[in-house]
Amino acid sequence: MYNHKKLYLIAEVGGNHNGNFSIAKKAIIEAKKAGADCVKFQYYSAENLVHPKMKTMSHVRKNSKEKTQFERFKRLELTFNNIKELKNICKNNKIDFCLSVFDHNQVNIIKNKLSFFKIASGDNNYIPLLEEIKKTNKHVIMSTGLSDLNLLKNSIKYLNKKKLTLMHCISSYPTPSSEYNLQSIDVMKKMFNLPIALSDHSKSSECAILSLSMGVRLIEKHFLPDTKETSVGDYDLSLSPNEFNQFRNDLEKNIEIIGKKRKTIFLPEKKFKKTLRRSIYFSNNLVKNSIITFKDLKFIRPYSNNGFKIENYKKLIGKKIKKTYKKDSLVLKNINVK
């Protein structure tokens, strides 16, 4: 299960199995090989999801034979037995299993078969669904597409905030990188004090990489397990197994670049500290009982741990030295003055 501190990738299969259960099973194996931490499917009944005459969505139309969304969803439906089998395959392959559940009547039936619930953007105001999911006491990821802050504020009231992650999402398929509005992540983080994830509907890795610098570590990306299946609705925004693996590699490299917040000197800097920092040296020959003036000091490289702290140089001014010092000698941190 994810903890928001390490990179966690969800391979969203959705309907990319194209109604072929063998491909659905293959998706789990391929997602695991490609570096996914979790594989996600969709669980619904077409009758309780769409009107029978609703036309197919524009991004689906060019790749779908069906004329209505009902026909398409009916063909792509997974049965409860299918879900149980997919869950077992995930368990055997040590990969998390997640579902987008689209029917409040199915929540209780399915709750023990998944690692956590996903609420799709289209359902983030479907209150009966939110209420049922809250009863399960499982963690929830809720996508934030198609919503404004007031809608989200209201929806959060119906969920357990302690077990909730919001997922920045643009409900456009595919979404151009220029329209991803990643600043929304910071807005939601400050307003709701919740961890924020990213649902990436773009084809590239740009948006996901940029989100890392905003603290995002949980990222969902559409996954195409079989590249021969070109007639799936999400083809234009889905990554092949090889592309998904490269996607993970790109993100991991950029997490290394982002690194940690500065609290002390970073390890690779330490060897340069002596040559780049300055210490205080005497700029003149000074005899015993001389009074130190600002002109008697110079601030030059190299740095020495034994030197008087440069930040405290004013404490030297006006002090009387108890011994003679030569020009260019280091002003020691334990210098004998009065």
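Which residue forms a salt bridge with Lys118, and how far apart are the closest N and O atoms? In this predicted model, the partner of Lys118 is Glu220, and the closest N and O atoms lie 3.1 Å apart.

## Salt bridges

The whole structure contains 15 salt bridges. Among them is the contact of Lys298 with Asp328, at 2.4 Å from N to O. This pair likewise connects distant parts of the chain, since Lys298 is in strand β10 and Asp328 is in the segment after β10, 30 residues apart. Lys298 counts as partly exposed because its relative accessibility is 23%, and Asp328 is partly exposed with a relative accessible area of 42%. Another salt bridge joins the side chains of Arg262 and Glu269, at 3.0 Å from N to O. Arg262, at 54% relative accessibility, counts as exposed, whereas Glu269, at 30%, counts as partly exposed.

## Aromatic cluster

A search of the whole structure gives ten aromatic pairs. In one of them, the ring centres of Tyr44 and Phe73 are 5.2 Å apart and the ring planes stand at 70°, so the pair is edge-to-face. Tyr44 is located in the loop between β2 (38-43) and α2 (58-61), while Phe73 is in helix α3 (residues 69-76); the two are 29 residues apart and the pair links distant parts of the chain. Tyr44 and Phe73 are both buried.

Tyr44 also pairs with Phe102: their ring centres are 6.1 Å apart and their planes are at 85°, so this pair too is edge-to-face. Phe102 lies in the loop between β3 (96-101) and α5 (107-110), 58 residues from Tyr44, and the pair again links distant parts of the chain. Phe102 is buried, as is Tyr44. Through these ring pairs, Tyr44, Phe73 and Phe102 are linked into a cluster.

## Backbone features

The bond from Tyr173 to Pro174 has omega near -10°, and Pro174 is placed in the loop between β6 (164-169) and α8. The bond from Arg301 to Pro302 has omega near 5°, with Pro302 in the segment after β10 (297-300).

Positive phi values occur at two asparagines. Asn18, although not a glycine, has a phi of about 60°; this residue lies in the loop between β1 (8-12) and α1 (21-34). At 14% relative accessibility, Asn18 counts as buried. Asn181, also not a glycine, has a positive phi of about 45° and lies in the loop between β6 and α8.

## Surface patches

Leu149, Val187 and Met191 form a nonpolar surface patch with about 220 Å² of accessible area together. Val187 is located in helix α8 (residues 183-192) and counts as partly exposed because its relative accessibility is 41%.

A patch of positive charge on the surface gathers Lys189, Lys260, Lys261 and Lys263. Lys189 is also placed in helix α8, and at 31% relative accessibility it counts as partly exposed.

How values were computed. Residues are numbered from 1 along each chain as its sequence is written. This is a predicted model: local features need pLDDT of at least 70, side-chain atom pairs count only at pLDDT 80 or more; totals for chains, interfaces and linings use all residues. Side-chain values use heavy atoms; hydrogens and water are left out. Patches are made of residues with over 30% relative accessible area and no salt bridge: like charges are joined within 9 Å, nonpolar side chains (Val, Leu, Ile, Met, Phe, Trp, Tyr) within 5 Å. Accessible areas come from the Shrake-Rupley method with a 1.4 Å probe; for residues, only the protein chains shown count as cover. A salt bridge is a side-chain nitrogen of Lys or Arg within 4 Å of a carboxyl oxygen of Asp or Glu. Helices (H or I, at least four residues) and strands (E, at least two) are DSSP runs, numbered from the N terminus. Buried means under 20% relative accessible area, exposed over 50%, partly exposed in between (1.4 Å probe, protein chains only). Lys and Arg count as positive and Asp and Glu as negative; His and the chain ends are not counted. The place of a charge is taken as NZ of Lys, CZ of Arg, CG of Asp or CD of Glu. Rings of Phe, Tyr and Trp (its six-membered ring) pair if their centres lie within 6.5 Å; planes under 30 degrees apart count as stacked, over 60 as edge-to-face and the rest as tilted.
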